[in-house]
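This report describes one protein chain for a reader who is new to structures. Please look at the sequence and the model before reading on.

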Amino acid sequence: MKKNMGALDKSLRVLAAAVIALLYFLDVITGTTAYILMAVAIIFLVTSFINFCPLYSIIGINTCRTK
């Protein structure tokens, strides 16, 4: 797996995951919507920690700076 996520992309994903988790724990989102958004948040966290997004590789997007 080659890195295809830049720093801004990673930080936005972590921020979005934190917001979703906060909304879930404050009971703003509930039910099926909450479970779907929590799954999305987990995917965001995992992809940001490994610096690789499978969807980006399929589409051909690369936000990582080349050195």
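The text below goes from the whole chain to single residues.

This is a predicted model, in which local features need pLDDT of at least 70 and side-chain atom pairs count only at pLDDT 80 or more, while totals for chains, interfaces and linings use all residues. Residues are numbered from 1 along each chain as its sequence is written, and side-chain values use heavy atoms, with hydrogens and water left out.

The protein chain has three helices and zero strands, in the order α-α-α from the N terminus. Helices (H or I, at least four residues) and strands (E, at least two) are DSSP runs, numbered from the N terminus. The C-alpha trace spans about 45 × 20 × 15 Å along its principal axes. Of the contacts with a separation of 6 or more, 75% join residues 24 or more positions apart; a contact means heavy atoms within 4.5 Å.

Accessible areas come from the Shrake-Rupley method with a 1.4 Å probe; for residues, only the protein chains shown count as cover. Of the 67 residues, 25% count as buried. Buried means under 20% relative accessible area, exposed over 50%, and partly exposed in between.

The table lists this value for some residues.

| Residue | Relative accessibility | Class |
|---|---|---|
| Leu 8 | 62% | exposed |
| Tyr 24 | 26% | partly exposed |
| Phe 25 | 62% | exposed |
| Asp 27 | 60% | exposed |
| Asn 51 | 13% | buried |

Leu 8 lies in helix α1 (residues 7-25). Leu 8 also belongs to a nonpolar surface patch with Leu 12, Leu 15, Val 19, Leu 22, Leu 23, Leu 26 and Val 28, with about 770 Å² of accessible area together.

A search of the whole structure finds one aromatic pair. Tyr 24 and Phe 25 form this pair, which is edge-to-face, with 5.3 Å centre to centre and 70° between the planes. Rings of Phe, Tyr and Trp (its six-membered ring) pair if their centres lie within 6.5 Å; planes under 30 degrees apart count as stacked, over 60 as edge-to-face and the rest as tilted.

Most residues other than glycine have a negative phi. Asp 27, in the loop between α1 and α2 (31-50), has a positive phi near 60°. Asn 51 has a positive phi of about 60° and is found in the loop between α2 and α3 (54-59).

Definitions and conventions. Patches are made of residues with over 30% relative accessible area and no salt bridge: like charges are joined within 9 Å, nonpolar side chains (Val, Leu, Ile, Met, Phe, Trp, Tyr) within 5 Å. A salt bridge is a side-chain nitrogen of Lys or Arg within 4 Å of a carboxyl oxygen of Asp or Glu. Buried means under 20% relative accessible area, exposed over 50%, partly exposed in between (1.4 Å probe, protein chains only).
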